[in-house]
Every structure is written in C-alpha cells, then in structure tokens.
Amino acid sequence: MATVSPAVLASRLRQSRESVGLTQSQVEEQLPLPRNARAQSEAGERQVRSTELHALAQLYGREMAEFFQPEFDSNSPLLALFREQLGAELQPALLQTAGRFLELGRRLDRLERDLRFARHPSAPVAREAAAEPRGIMDAVRQGEALADRERGRLGLGTQPVADLAELLETQGVRTLAAELPEGVDGMTLHAPEISPFVVVGAGGVIGRRRFSLAHEYAHVLLDRARGWMVSRRENQKDLREVRANAFASSFLMPAAGVEEFMHGLGKPRRRNTSAVYEGDGLRSVRNTEPGEISEVQAFDVVQLAAYFQVSREAALFRLANLDFVKPGDRDGLQNQVRERGAELARLMGVREEVDGQESMAASRHRLFGLLLEALRREEVSRRWALESIRMAGFEAEDFEQAIEAAGLQDPPADVLLPEGLL
C-alpha cells in the first residue's frame, strides 16, 4: 500500500466527510471517538489508528486503500444517494448502514473473483432502458409490463414465487434483511464496482418483506443509471416508487394467477377500474362502465395474501387493481381487513410473523457457504470471515458452529490475505 503524508491524509479525511455532508460532530456520534478527535485528525494534529481509519472508510463508503493512492477522488460513492434522496434527519444513520453494506458487497465480490465463483452467468440480471414515467398511469403501466416480461423470462407462469430471495440471488442480486432507520423500507445499492445489493427491513410480516424485495428488484432492473435508491414511506408519490410498487404487485400476484385463485373461491371479477397503492390507502384512478359486481370479503383477502405470501394490504390493492372490488365497497372492505384481518389470519392458521432472517435463507446459506469455502482454501483469515458475518447482521457464534460442523475446526486464525482482504 502506498504512503501519503499526514497532511495529505488529513485533507482526504476532511474531503471524504464533506462529500457525504456529515459534520465532525455527526461522525463522532456514529463512531466511538473521543471529543474533538475528528477535528484534530482532519487538522493533522492527531495520528489516526488503522482501526479508526477502517471505520471511517466504511462510514464514507470508501475502501481504506483509497486514502493512500497517488490519485484521490473527493466524491464518495454514496454522494448521489444522499444529495438526491435523503433529508438531513436520516443521513447519518443510513449512511453508516449503507457504508457497511457497500464494504460487505465489495468483500464478497472480490472473494468470489478470487475463488473463481460464477454467479449464475446463464441467468444475468435483465437491464431495461425505460423512459421516465410521464404520470401515475404511465408509471403503473411500465411496472406491470416489466413484471409480466420478467415472469415470462423466468418461466414463473401464474404460480406464487416460492422463495423470492433465492430467486433474486440466482439473478445476480445479493439480498439481505437488516435493521433500517425508521421510515425506510428498503434500499438498492448500485455502486459500479459491486453486484446489485438489495437490503430490506428485518422482522415483521413475511409478506411486507417479500413486497419490499420485489420493489427493490424493480429498482435493480429499471433505475441502475440513477445510482442508489432508498425506498422511503415519504416518497411514495415519486413516480419511480409508484412504478416499483406496480412491478412488485404484478410480479408477486400475476393477474392470471389472482383470477384463477379467486375463481376457485367463487368470486367473479369486476371490470374497468384501477387503483394505485399509496401505502395506507387505495386511490382509484380509472372507473368507466361498471361490470359484474363481486362480493369479496375480508376472509377472501386473507386467503389471497396467504397464497401469494404478501401482506393483506397488498392483496387488497391487487384485488382493487384487477377489478374484483367495486369502488364504493373498497373503503369498507379496507377497514374490515385492518380491523379483523389479523384475527382472521390467526384463526385460519396463517403464519405471518417470523424471525428477520427466516424468510431470507438464501442470504444466509450463500454467505456462510462462500466464507466456509474461503476458509477451507485458506484464502481468508477466521477473523476476517467472522467480521464479514457480523457486517451482514448474523451471529458470529452460529458461524463458529458452522466451521466446526464443516470439519474446519482449526482454520488458520490469520493468513496472508490478498490486498484488500485484510
């Protein structure tokens, strides 16, 4: 690794902090640093320890080696994300989360290259060149059309997607469930040097997490050119978010599949209405001539949600979108689902709540498998592997037990790592 003078390093630390819009006090709040330590470091009055420099690099979305290269780009990979999409109140907390997953993505991509792992080259991530939506209905049409094409490309037919996280992983998209700041449902990391990385909120209802995964997959397919995406409840009216919601709804609940299921319940379909999902409510955007009126009940919504493994809110939205519910009945049915849905689901045997990672098993087994193979080949140290496990939010003790179960009880505590894996 090249060396630079203390003054140059101090200047680069200051530029890195400013590029993501953090104050010195905000950095000290995010990292366990002594008072005024950041100011002293950026003035060249204090030596920066390697562990501290590593933490700062992660916070600023950089690799530590960048600080010591002959050429230094003052713009952080996280710059576009925070300038365009976040307010000041979310920036510090989400910045640390984003930096951690950016580093994890770099680590895993580099490790796969070193181990010569192929990430399913036969099924590359599709890349769309979609125009910006011109309005709500255009955004909905774009999202639904892409969902139909993607289901066709993947050969999914009309059936539910059994394991969405596993499916995305086979398409070259890393997935993870993690604790995210309040108001943030998911984020898509579009750094040029790593594979697409989707992070959704951990815990809660399985269906909501699956919807978030599908929503972020739309951003992978449609919004890579815009840089990173953060899905916030405050941004639901953004046309890109409307489009991603329409994609998620159609991808998880294809129209033909919903119609088949509802036909099996003896529920006819109403025609010529449409709706847009806005989180806490359904808004009709088209209503022409009335067709046959169905009588969808709250327990029908519970069954549809269970079949496609989505939330009851998303299931109700899809039914409204596909004209199974007449506009005059929509609000009343929505209230019934909110008031009685949880109890109906419990009595009908629908399991909704799981551990944050239980429905994201693909994330866990792929990460564990990659690191176990790297340990077996003595490509990484045990310390580095455990650190990566913690970055992903998994318990280091579980990985220690996996090492033993794999017959690697005595992997090297430390090995000579390739540059960047220290």
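**Briefing: sheet, first helix and salt bridges**

In this predicted model, 4 strands form an open sheet in the order 1-3-2-4, with mixed pairing. Strand 1 (174–178) and strand 4 (229–232) stand at the edges with a single partner strand each, so one side of each is left without a neighbour in the sheet. On average, and with direction ignored, neighbouring strands of this sheet are turned by 15 degrees against each other.

**Strand pairing**
- Strand 1 pairs with strand 3 (residues 197–201) in the parallel sense, over 5 bridges.
- The bridge partner of Thr175 in strand 3 is Val198.

**Helix 1**
- Helix 1 (residues 6–19) has 14 residues and should span 20 Å at 1.5 Å a residue; its end C-alpha atoms are 20 Å apart, which agrees.
- Among the buried residues of helix 1 are Leu9, Ala10, Arg12 and Leu13.
- Gly21, which follows helix 1, has a positive phi near 75 degrees.

**Salt bridges**
- The count of salt bridges comes to 19.
- Asp109 and Arg174 meet through their side chains at 2.5 Å, N to O; Asp109 lies in helix 6 (residues 91–115) and Arg174 in strand 1, so the pair ties together parts 65 residues apart in sequence. Both Asp109 and Arg174 are buried.
- Glu144 forms a salt bridge with Arg318, with the closest N and O atoms 3.8 Å apart. Glu144 lies in helix 7 (residues 136–154) and Arg318 in helix 13 (residues 312–321), 174 residues apart.
- Glu144 counts as partly exposed at 22% relative accessibility, whereas Arg318 is buried, with a relative accessible area of 3%.
- The side chains of Arg382 and Glu400 meet in a salt bridge at 2.3 Å, N to O.

Conventions: Residues are numbered from 1 along each chain as its sequence is written. This is a predicted model: local features need pLDDT of at least 70, side-chain atom pairs count only at pLDDT 80 or more; totals for chains, interfaces and linings use all residues. Side-chain values use heavy atoms; hydrogens and water are left out. Two strands pair if DSSP finds at least two bridges between them. Helices (H or I, at least four residues) and strands (E, at least two) are DSSP runs, numbered from the N terminus. Axes are lines fitted to C-alpha atoms, for helices over the stretch in contact, and angles run from 0 to 180 degrees between N-to-C directions. The expected span of a helix is 1.5 Å times one less than its number of residues. Buried means under 20% relative accessible area, exposed over 50%, partly exposed in between (1.4 Å probe, protein chains only). A salt bridge is a side-chain nitrogen of Lys or Arg within 4 Å of a carboxyl oxygen of Asp or Glu.
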